[in-house]
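These are my notebook entries on what I looked up in one structure, written so that each step can be followed by eye.

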Amino acid sequence: MPAKVAYSGREVTVMNDIIELLEEHRSVRAYEDRDVSDEMLDAIVRAAWRAPSSYNAQEVSVVVVRDPERRRRIAEIAGGQPWIAQAPVFFAVVIDYHKTAVGVGMAEGEQRIHRELEGVIMGAVDAGIALEALMVAARGLGLAIVPIGGIRRDPQAMIDLLELPPLTFPVVGLCVGHAAVVNPLKPRMALPSFRHEEVYRAERIPAAIEAYDREIVAHWRRVGRPGGEAWSRNMAAYLGAGEPRPVGEALRRQGFLA
Ligand SMILES: Cc1cc2nc3c(=O)[nH]c(=O)nc-3n(C[C@H](O)[C@H](O)[C@H](O)COP(=O)(O)O)c2cc1C
């Protein structure tokens, strides 16, 4: 791959750097007691602000939380995740059909998309794209990150804390700061279980999972978590039946799917 690429009439930095950065992704859960500069923070936010969105709806907003007391509260809401209180910056990525409803109203229309599952999927996809832009920009500046879906353990508490208006929903968060401890890369399931050529190859999956179960248990042992479970057992616990998840109810209270 070329070291420099022409883009929009300019020569820009190597694409390889971006790919390397992505291949080096890891979540960091230990942060130094050191702030992120305003300049870095602005650059990270602008990167996500430029992200594409479905129909150019721009139905995503980001709430930047730096206040230690508010971060401490978010750490609690997310089920006790101390790295949220530790990292100096927390981004709450919000599906935002409030903004679009104002625009639709100005055009004398009636917004309906937030009532449909399609609206939730569209918002979640675009929020995910913004999340990735935040992560890539932060890491490009030498910072560390961990995404936080744990805020959806109690979406209503997040809505109250961030004073989110109706038709908005805090879908995911992100901690950003200077890494205190950088973990080894977490292995992934074999690439052929992810990459399918032309058609999906379901027959590959069981063997890939068996191999991955062994690999992840070995990884837990290497990183000092000897009791770490196989992936399939973790998924049975996380994705199976358990406590009912409060997301549907909170979405409806915010005016979604109603
Ligand atoms: C949308 C999303 C939500 C996540 N939520 C949390 C979370 O609440 N707490 C946490 O510690 N990690 C969270 N993670 C991080 C995952 O656990 C992590 O990405 C996964 O275990 C793979 O490890 P790695 O990121 O180090 O490669 C989340 C990741 C994503 C993409």
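This is a predicted model: local features need pLDDT of at least 70, side-chain atom pairs count only at pLDDT 80 or more; totals for chains, interfaces and linings use all residues.

Entry on two loop residues. I looked up Glu198, which is found in the loop between S6 and helix H8 (205-222), and because it has 5 C-beta neighbours inside 10 Å, Glu198 counts as exposed. Its phi is near 70°, a positive value in a residue other than glycine. I wrote beside this that most residues other than glycine have a negative phi. I then turned to Glu163, which sits in the loop between helix H7 (155-161) and strand S6 (168-177), and I found its phi near 55°, again positive in a residue other than glycine. Glu163 has 8 C-beta neighbours inside 10 Å, so it counts as exposed.

Entry on helix H2. I checked the length of H2 (residues 38-49), whose twelve residues should span 16 Å at 1.5 Å a residue, and the end C-alpha atoms are 16 Å apart, which agrees. Which residues of H2 are buried? I listed Leu41, Ile44 and Ala48. Seen down the axis of H2, these buried residues fall within an arc of 65°, so they line one face of the helix. On the face turned away from that buried side I found the exposed residues Asp38, Glu39, Asp42 and Arg46. I also looked up what covers the buried residues of H2, and the cover includes strand S3 (60-65), strand S4 (89-96), H6 and S6.

Entry on the nonpolar core. The largest nonpolar core has 51 residues, and those with the most contacts inside it are Val93, Leu134, Ile145, Leu174, Cys175 and Val176. Helix H6 (residues 117-140) gives the largest share of this core, nine residues.

Entry on the ligand. How many residues surround the ligand? I noted 13, of which the closest are Ser27, Pro147, Gly149, Gly150 and Lys186. The largest share of this shell, three residues, comes from strand S5 (residues 144-148). Sorted by class, the shell has five nonpolar, five polar and three charged residues.

Key
Residues are numbered from 1 along each chain as its sequence is written. A residue is near a molecule or strand if its C-beta atom, placed from the backbone, lies within 6 Å of it. Helices (H or I, at least four residues) and strands (E, at least two) are DSSP runs, numbered from the N terminus. Ala, Val, Leu, Ile, Met, Phe, Trp, Tyr, Cys and Pro count as nonpolar, Asp, Glu, Lys and Arg as charged, and the others, Gly among them, as polar. A nonpolar core is a set of buried Ala, Val, Leu, Ile, Met, Phe, Trp, Tyr and Cys residues joined through C-beta atoms within 7 Å. A residue is buried if 20 or more other C-beta atoms lie within 10 Å of its own, exposed if 12 or fewer, and partly exposed in between; C-beta atoms are placed from the backbone. The expected span of a helix is 1.5 Å times one less than its number of residues. The arc is that of the directions from the helix axis to the C-beta atoms. Two residues are in contact if their C-beta atoms, placed from the backbone, lie within 7 Å.
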